[in-house]
Amino acid sequence: TVPNAHVSPGYVRLFQDWDWATAGTELRRAVALNPASAAPRGWHGLYLDMLGLPPPPDDVEAFVNDKSPEAWTKVVDAVLASPAYGERWARHWMDLVRYADSEGFEFDVDRQNMYRYRDYLIEAFNEDKPYDQFIKEQLAGDEYTPVGDEAMSASGFLRLGPSGGGTRQDALDDLVAASTQTFLGVTVNCARCHNHKIDPIP
């Protein structure tokens, strides 16, 4: 048994002496007590997919009480306007570009200002920055907008690879590989050691 199992914080429902044979029925009853059940089926999915967070109880209550035909549109707009939107989707981009706050390898020295690139990504997603500008700023921000702090922060992409060990050639190889994989969806890593004249890079 699982005593004192709480369901739906904010809508108190306490089960004691949990019976797994009737767990499904009990959970359905708990959901029936939750006003979120009156929302469209996509309600929780919208919050979880876009923000990575469940909807706050206050937002659920406001939606349930909003009888206007624009109620769902208001929810979508509010979710897209949330700072958490950029934080969630910047995480996926950071995985692509192998973001790290340190140099890597055995020395692993901290990069004191790398957070500026992370913040640039979050702001870019929240501001719905055009993708072509997003790419240009990361690959050549210092040349694209040499007097802009934002573009300079974006060029932090060029410093993201591991550089705590290995040679300069290793660092450049990593940069080329990461750039082509991120922006072209093509792996060219093998070109470092092989020259396939009959297999051009598309």
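## Exercises on a predicted model

Asp-110 is found in the loop between H5 and H6, where helices (H or I, at least four residues) are DSSP runs numbered from the N terminus. This is a predicted model, in which local features need pLDDT of at least 70 and side-chain atom pairs count only at pLDDT 80 or more, while totals for chains, interfaces and linings use all residues. Residues are numbered from 1 along each chain as its sequence is written, and side-chain values use heavy atoms, with hydrogens and water left out.

**Exercise 1.** Decide whether Asp-110 is buried or exposed, and find its contacts beyond four places in sequence.

*Solution.* Begin with the cut-offs: buried means under 20% relative accessible area, exposed over 50%, and partly exposed in between (1.4 Å probe, protein chains only). Asp-110 has 53% relative accessibility, so Asp-110 counts as exposed. Next, leaving aside neighbours within four places in sequence, Asp-110 is in contact (heavy atoms within 4.5 Å) with Asp-101 and Ser-102.

**Exercise 2.** Classify the ring pair of Tyr-120 and Phe-134, and say where each residue lies.

*Solution.* Rings of Phe, Tyr and Trp (its six-membered ring) pair if their centres lie within 6.5 Å, and planes under 30 degrees apart count as stacked, over 60 as edge-to-face and the rest as tilted. The centres of Tyr-120 and Phe-134 are 6.1 Å apart and their planes stand at 10 degrees, so this pair is stacked. Tyr-120 belongs to helix H6 and Phe-134 to helix H7, 14 residues apart, so that distant parts of the chain are linked by the pair. Tyr-120 is buried at 2% relative accessibility, and Phe-134 is buried at 6%.

Definitions and conventions:
Helix = DSSP H or I, 4+ residues; strand = E, 2+ residues; numbered from the N terminus.
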